[in-house]
Amino acid sequence: MSDHIPTENDIQYLREAVRRRLSPPRAEHSVSVELECAVIARIEGMGEDDIPFLRVAGLLHDLTREVPADEQIRMCNEHKLPLPSDGVLSAAVLHQVTSPLLIASDYPEFAVPEVLEPIRTHTTGEAGMSKAQKILFLADMIEPKRKHSACRNMRTYYYTHTQEEGNLDRSVLLTLKGTVSHLLESGSPVSLKTVKAYNDLCGKPGQ
Ligand SMILES: [Fe+2]
Ligand SMILES: [Fe+2]
């Protein structure tokens with residue numbers, strides 16, 4: 001584990017930073033994801049020392065979400081970061097890999113694996129996600145400021161089944177299913193990582 005566990009002062013500092021950098025709705029979404037991560041992490045039995053890292057990941061996960069796609073592609077090229085091989089190059093997908101770049105340059109003390117790894121998969125998911133990756137993925141979808149019915153339904157689903165084994169995996173799988181259906185219906189490309197994440201959890205016993 002990284003030496004420095006983020007403190008409440010760190011969290012306050014980062015809340016103010018995202019409020020300065022992002023539009024008000026995006027900043028409030030980020031704070032809401034931070035809080036949601038902490039709630040889900042406790043339910044899912046994560047250690048108290050791990051939770052502050054997830055809160056930081058929640059706060060910073062959308063740091064480049066409002067940066068245009070061509071600028072995000074430029075950031076990837078500048079850092080010699082390979083672009084997704086499936087050719088899905090929207091800002092909606094790229095920000096999961098460019099936000100870590102901005103964290104490394106502007107908030108280097110928080111550029112640790114516990115923060116960056118969940119951010120790198122928070123939109124698409126991927127096969128073999130860790131518990132922290134699954135929690136940020138789900139928190140991003142079900143934080144209470146999201147008003148879309150699909151998000152509200154997922155929220156109800158997760159909190160109705162917290163006593164049941166495998167609830168986090170089933171909730172992530174259902175979220176992935178909804179994402180894939182939505183992308184197909186709207187004629188949008190589907191990230192290969194999303195398909196792999198779906199297949200990975202779909203193939204697990206009990207799903
Ligand atoms: Fe995001
Ligand atoms: Fe988000």
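1. Ground rules. The model is predicted, so local features need pLDDT of at least 70, side-chain atom pairs count only at pLDDT 80 or more, and totals for chains, interfaces and linings use all residues. Residues are numbered from 1 along each chain as its sequence is written, while chains are lettered from A and ligands numbered from 1 in the order in which they are written.

2. Where Val-115 sits. Val-115 belongs to helix H6, residues 113-120. Helices here are DSSP runs (H or I, at least four residues), numbered from the N terminus. Val-115 is buried because it has 27 C-beta neighbours inside 10 Å. The cut-offs: buried takes 20 or more other C-beta atoms within 10 Å of a residue's own, exposed takes 12 or fewer, and partly exposed falls in between, with C-beta atoms placed from the backbone.

3. What Val-115 touches. Set aside neighbours within four places in sequence. Val-115 is then in contact with Phe-53, Val-56, Ala-57, Leu-60, Ile-103 and Phe-110. Contact means that the two C-beta atoms, placed from the backbone, lie within 7 Å. Look at Phe-53: it is 62 residues from Val-115 in sequence, yet 5.5 Å away in space, C-alpha to C-alpha.

4. H6 against H7. Helix H7 covers residues 131-142, and its axis comes within 8 Å of the H6 axis, crossing at roughly 55°. Axes are lines fitted to C-alpha atoms, for helices over the stretch in contact; angles run from 0 to 180 degrees between N-to-C directions. So H6 is oblique to H7. Under 35 degrees would be roughly parallel, over 145 roughly antiparallel, and 65 to 115 roughly perpendicular; the rest is oblique. H6 supplies Glu-114, Glu-117 and Pro-118; H7 supplies Ala-132, Gln-133 and Leu-136. By class, that contact has 3 nonpolar, 1 polar and 2 charged residues. Nonpolar means Ala, Val, Leu, Ile, Met, Phe, Trp, Tyr, Cys and Pro; charged means Asp, Glu, Lys and Arg; the others, Gly among them, are polar.

5. H4 against H5. Helix H4 (residues 69-78) packs on helix H5 (residues 91-106) at about 40°, with axes 9 Å apart. That angle makes H4 oblique to H5. Their crossing is left-handed. The contact counts 8 nonpolar, 3 polar and no charged residues.

6. Leu-183. Leu-183 lies in helix H9, residues 167-185. With 15 C-beta neighbours inside 10 Å, Leu-183 is partly exposed. Beyond four places in sequence, Leu-183 contacts Ser-188 and Val-190.

Terms used:
Helix = DSSP H or I, 4+ residues; strand = E, 2+ residues; numbered from the N terminus. Left-handed = near helix turned anticlockwise from the far one by under 90°.
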